[in-house]
Amino acid sequence: MFLCSAWKYPHPSEKTRERKRMLRAVAVSGHSMYPVLQEGDVALVRTKAHNPQPGDIIVYRESTRGFLVVHRIERVTAAGCITRGDANAAPDPQPVARGQIIGKVCFVISCLRWLVKHCRKRGGK
């Protein structure tokens, strides 16, 4: 909180707007990435295209139901990325195609966990 109140934001410019589009915040739910990511953490995702590598934590759109998934890449094959949650025993059933990848997690904000949980309990009110 102190850093936020003390930080001076630059006047919006083309460069600043471009930087903002490159990052996306994703609230984490579920326990599949425990202990790295926990329920209520906020993951900052770099949406700029990157070359997926084993060990990267990525956010992708699940192909059948369309929701976002945050998992780690185990290996990259011709069919796509094989992903798995750190707390899961087995990899995800379907390879993740490059077109499904939203971006790579570059930073995790854990101190907001309590706030996100509180807002979910109260239905966002």
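## A nonpolar patch on the surface

In this predicted model, three residues form a nonpolar patch on the surface: Leu 112, Trp 114 and Leu 115. Together they have about 300 Å² of accessible area.

Let's take a look at Leu 112, which sits in the loop between strand E6 and helix H3 (113-121). Is Leu 112 buried, exposed or partly exposed? Its relative accessible area is 31%, so Leu 112 counts as partly exposed, since buried would require a value under 20%.

In soluble globular proteins, nonpolar side chains tend to be buried together. Here, the largest nonpolar core has eleven residues, and they are Val 26, Val 28, Met 33, Leu 37, Ala 43, Val 45, Ile 57, Val 59, Val 70, Ile 102 and Val 105. Which elements give two or more residues to this core? They are strands E2 (42-46), E3 (57-61) and E6 (101-109).

Another core, of seven residues, lies apart from the largest one. Among its members are Ile 58, Tyr 60, Ile 73 and Val 96.

## How the strands pair

Strand E6 is a handy one to follow by eye. E6 pairs with E2 in the antiparallel sense, over five bridges. Within this pairing, Val 45 has Val 105 of E6 as its bridge partner, and both valines belong to the largest core.

E6 also pairs with E3, again in the antiparallel sense, over three bridges. Here Val 59, another residue of the largest core, stands opposite Gly 103 in E6.

Notes. Residues numbered from 1 in each chain as written. Predicted model: local features only at pLDDT ≥ 70, side-chain atom pairs only at ≥ 80, totals over all residues. Heavy atoms only, no water. Core = buried A, V, L, I, M, F, W, Y, C linked by side-chain atoms within 4.5 Å. Buried < 20%, exposed > 50% of the residue type's maximum accessible area, 1.4 Å probe, protein only. Helix = DSSP H or I, 4+ residues; strand = E, 2+ residues; numbered from the N terminus. Patch = residues over 30% accessible without salt bridge, like charges linked within 9 Å, V, L, I, M, F, W, Y side chains within 5 Å. Areas by Shrake-Rupley, 256 points an atom, 1.4 Å probe, with all protein chains shown as cover. Salt bridge = Lys/Arg side-chain N within 4 Å of Asp/Glu carboxyl O. Pairing = 2+ DSSP bridges.
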